[in-house]
Amino acid sequence: ASEKTAAKFVGGDATIHADSQFTHLALSFQAPSNNSATSVLQELLSRQLNASGAVANAFSINYSDVGLIGMFGAAAHHEAEALSAQFVAALKAAASADDASVAAAKLAVKTQMAVAAEHPTGAVAALVAGSQTVDAVDSASVKDLASSLLKSNHAFSMVGNINAAHHRISL
């Protein structure tokens, strides 16, 4: 029997020139897989990006051995650098989020879990367990995760008119 090798996140920057009306950006980090703090952080990032007016959102993807969290969005070419700065600002804001912001994000995560349930009668136990797991997340664990991401390898990609946009992101 062959043994599985865990995926390794290496990060890096990628830019692709494309004739497009917008420049598309993505910033991602390795995160714990299937971790409630990651889900809460994703919601905090989405809320921060929405409050800033960015045409962007946060995402979290779970694999069996590793997770991925980040942000993606699009901006006019001359606004791409500002969007990348909004990504960094959202992560820094999450690293210092207050208890009320974390509580609101936790409620949103639990609401999304309930809405996503296909068969509410059969999923009650799973919803209760998932809700308890999210409730166990405290502000400190979310802030610690956000802070650790700011110090870790990242992957940054940009697709669009890269001649007019900033090529690197600074954390």
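A: Lys110 comes out as partly exposed, with a relative accessibility of 22%; bear in mind that this is a predicted model. The cut-off for buried is under 20%, so Lys110, at 22%, lands in the partly exposed class. Its side chain pairs up with that of Asp135 in a salt bridge, 2.6 Å from N to O. Lys110 sits in helix 3 (residues 99–116) and Asp135 in helix 4 (residues 124–135), so this pair ties together parts that are 25 residues apart in sequence. Asp135 is partly exposed too, at 41% relative accessibility.

Searching the whole structure turns up two salt bridges. The other one joins the side chains of Arg47 and Glu43, with an N to O distance of 3.0 Å. Here both partners belong to helix 1 (residues 36–52), and because they are four residues apart, about one helical turn separates them. Glu43 counts as buried at 13% relative accessibility, whereas Arg47 is partly exposed at 37%.

While we're in helix 1, have a look at Leu49, which is also found there. Leu49 is buried, with 0% relative accessibility. Leaving aside residues up to four places away in sequence, Leu49 touches Ala54, Ala56, Asn57, Ala58, Met71, Gln86, Phe87 and Ala90. As for Gly73, which is 24 residues from Leu49 along the chain, the two C-alpha atoms are separated by 9.7 Å.

Key. Residues are numbered from 1 along each chain as its sequence is written. This is a predicted model: local features need pLDDT of at least 70, side-chain atom pairs count only at pLDDT 80 or more; totals for chains, interfaces and linings use all residues. Side-chain values use heavy atoms; hydrogens and water are left out. A salt bridge is a side-chain nitrogen of Lys or Arg within 4 Å of a carboxyl oxygen of Asp or Glu. Helices (H or I, at least four residues) and strands (E, at least two) are DSSP runs, numbered from the N terminus. Buried means under 20% relative accessible area, exposed over 50%, partly exposed in between (1.4 Å probe, protein chains only). Contact means heavy atoms within 4.5 Å.
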